[in-house]
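Please examine the sequence and the model displayed below. The paragraphs that follow treat selected features in turn.

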Amino acid sequence: MGSVASGSAVSGLKKLGRKRATAALAVVGALAVSLLVGSPAKADSTSFDIAVGTAPNDIAVAGNGDVYVATSSGVSVIDADTRKVTTVDVGGVAQGVATLGSSTAYVSVAGKAGADGSIAIVEGATLAGKVKTGPDPRLVAVNQVTWKVYAAYGNGITVIDPWTGHSTVDIPYYTATPRSVVVDSSKNRVFVTTDGVHTIIDGQTNEKTVYVSGAGNVVNHAINTRTNAVYQTLVGTSYSEVGRVDESNHAVNTFRGSEKFGKLAIDYWTDTLYVEALGAAGNSSILLINPASATKIAQVSLPSRPTALAVDSTRHRTYATLGGGGVSVIDSSNTSTVVRTGAQPVAVAVHEYTGTAYVANKGSSSVTVLDPADPLPVKNDFNGDRAADVLARDGSGVLWLYPGDGAAGWLDRRQVGQGWNVMTAIVAPGDFNGDGHSDILARDTSGVLWLYGGNSSGGWMPRVQVGAGWNAMSAITGVGDFGGDGHLDVAARDSGGTLWLYPGNGKGGWMPRVQIGSGWSSMPDIVGVGDFNTDGASDVMARDSAGRLWLYPGNGAGGWLPQVQYGQGWNGMTALFATGDFSGDRKADIMARDSSGALWLFSGSGGAKWPIGSVIGQGWNGMTAIL
């Protein structure tokens, strides 16, 4: 090799502390890598408490990890990096909060003495505007596709449309205050629970359809955001039930019990329902229900009645804040551990990228931070230090590991293989076999696909054949959990330009392939970039023959949202790939090599803004594969 690729960062490049393991992916030319999935959950441990505004009422986490706390003295914003708290004055008592994208929060604010309230729009830690609602707004929900905001007030819903200057439409109800507001973004509809009825609002027309629940009162709704199935709990005179609802006033596949059902939450990977159950003697528990068979999986006793429920579906961990104090953490083995919180916990939210849970404590005006005992593996972490790394093959077939330092810089490189010139494609798909370590997929000259399981020490387990006939594919890319079943997937383009999804089974094997596109022959590069737009779904980038770079956002269920152009002039790059969160800012990054051999890092912004590039290495022209 004529020159040795350097891994030193250029002077002046800001180093940032390592944050979360972003769901991001990498490519060699047209070959990419994919997202990691966590291992079975264990109980969390309390990290610390953070003082916030007076008497919190609600809490939510934005895509960038910042935490928004609705308090009686305003909105407290906890910076995910520094844990610094900024309390924003919103002109009244903040009662509910919902987030959109990486750094926007919509907060319901009570009016004075029964007057109309408002929704405060908070961008980052700045009040960006306020929109009038009906009196006493509380619950807030956001359609993550249309961006419409739904605020439940004393006897109706105010709909806010950001695309028309935040214009509003009021949808009146009867005399009952809505108990829950759930948005089905896929079908653009909203489910609202009130006494004795549930209402479905058409998100396009704002028309409502009211269904009377003659058998009892609908208490709560929840949606599986992966399957878009909506479930409800209902309390009758002699029984309660939980089941799936659609365009009717009756639930199907219902499970009935003698307890009084209440709050409802869903693990969207397993489709397990977590149902609050109150016994006749006042004893509280959480029922775990399989909605497909309408059967009880388990019942977990609680020391006191839950005030809120939240599920970390990535780690299969459920949080129930307790009226008597503390939070019950139910792990994947259905074992509950009560962890200390501040006084009077009333709300809980989870940031699934990091696994960190945040509990809002009304009595102590604080937020308790719970860090996971088993954080997700970091994408492209081949040496086990929880920083994203780069692998590169030189002209002689030697495979080199360039360890990242978690802040856009490098540690000393080392050799981790030789004889890799026999491989015509190398892909880093993440933890493809489910053992918690980053792996490699490689195609040899005969078209056989091999899995090289990583050991998180810069080495490899014995390789295993996982496919044949892959020579028919002109591009192979890891696309994270593109199909939405909890396992890592691979996409491949055949000679006709058809794009195929090869769903992984989480154990190093495959499920039946599915066509997800056509006409992809015009794309020289196809790169899986993880959740680049921070909407919770894995995305793909592609460079066309004109040098334009396109983002193809995934919808989290094996399909696509509308493509967006992110750049042009990319024909000057000889390699385009993504290793995950290399810069340590909790957002997916992209790397590229230019014709001079310079290696560029484009640190992702987590939104529509294109990242600014910085040179982080020289002499990379000698590498025949980079991932």
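Which side chain meets that of Arg317 in a salt bridge? The partner is Asp312, with 3.9 Å from N to O; a salt bridge here is a side-chain nitrogen of Lys or Arg within 4 Å of a carboxyl oxygen of Asp or Glu. The structure is a predicted model, in which local features need pLDDT of at least 70 and side-chain atom pairs count only at pLDDT 80 or more, whereas totals for chains, interfaces and linings use all residues. Residues are numbered from 1 along each chain as its sequence is written, and side-chain values use heavy atoms, with hydrogens and water left out.

Arg317 and Asp312 are both buried, where buried means under 20% relative accessible area, exposed over 50%, and partly exposed in between (1.4 Å probe, protein chains only). Helices (H or I, at least four residues) and strands (E, at least two) are DSSP runs, numbered from the N terminus.

The open sheet to which they belong has four strands in the order E26-E27-E28-E29, with antiparallel pairing. From one strand to the next, the twist averages 20°, an angle between axes that are lines fitted to C-alpha atoms, for helices over the stretch in contact, and that run from 0 to 180 degrees between N-to-C directions.

Side chains of opposite charge can pair when their charged atoms come close. Across the whole structure, a search finds eleven salt bridges. One of them links Asp184 and Arg189, whose closest N and O atoms are 2.9 Å apart, and both residues are buried. Another joins Arg138 to Asp136 at 3.2 Å, N to O; here Arg138 is partly exposed at 41% relative accessible area, and Asp136 is likewise partly exposed at 29%. Lys263, Glu276 and Arg305 are linked in a network of salt bridges.

Most residues other than glycine have a negative phi. Asn188 has a positive phi, near 55°, and is placed in the loop between strand E14 (180-184) and strand E15 (189-194). Asn206 has a positive phi as well, near 70°, and lies in the loop between strand E16 (197-202) and strand E17 (208-212). Asn188 is buried at 17% relative accessibility, and Asn206 is buried at 16%.

A further loop, between strand E45 (539-543) and strand E46 (549-552), holds Asp544, which is buried at 5% relative accessibility. The side chain of Asp544 reaches the backbone nitrogen of Ala546 at 3.0 Å and makes a polar contact of 2.9 Å with the side chain of Trp550. A polar contact is a pair of N or O atoms within 3.5 Å; within protein, one must be able to donate a hydrogen and the other to accept it, and residues adjacent in sequence count only if both atoms are side-chain atoms.

Notes: Pairing = 2+ DSSP bridges.
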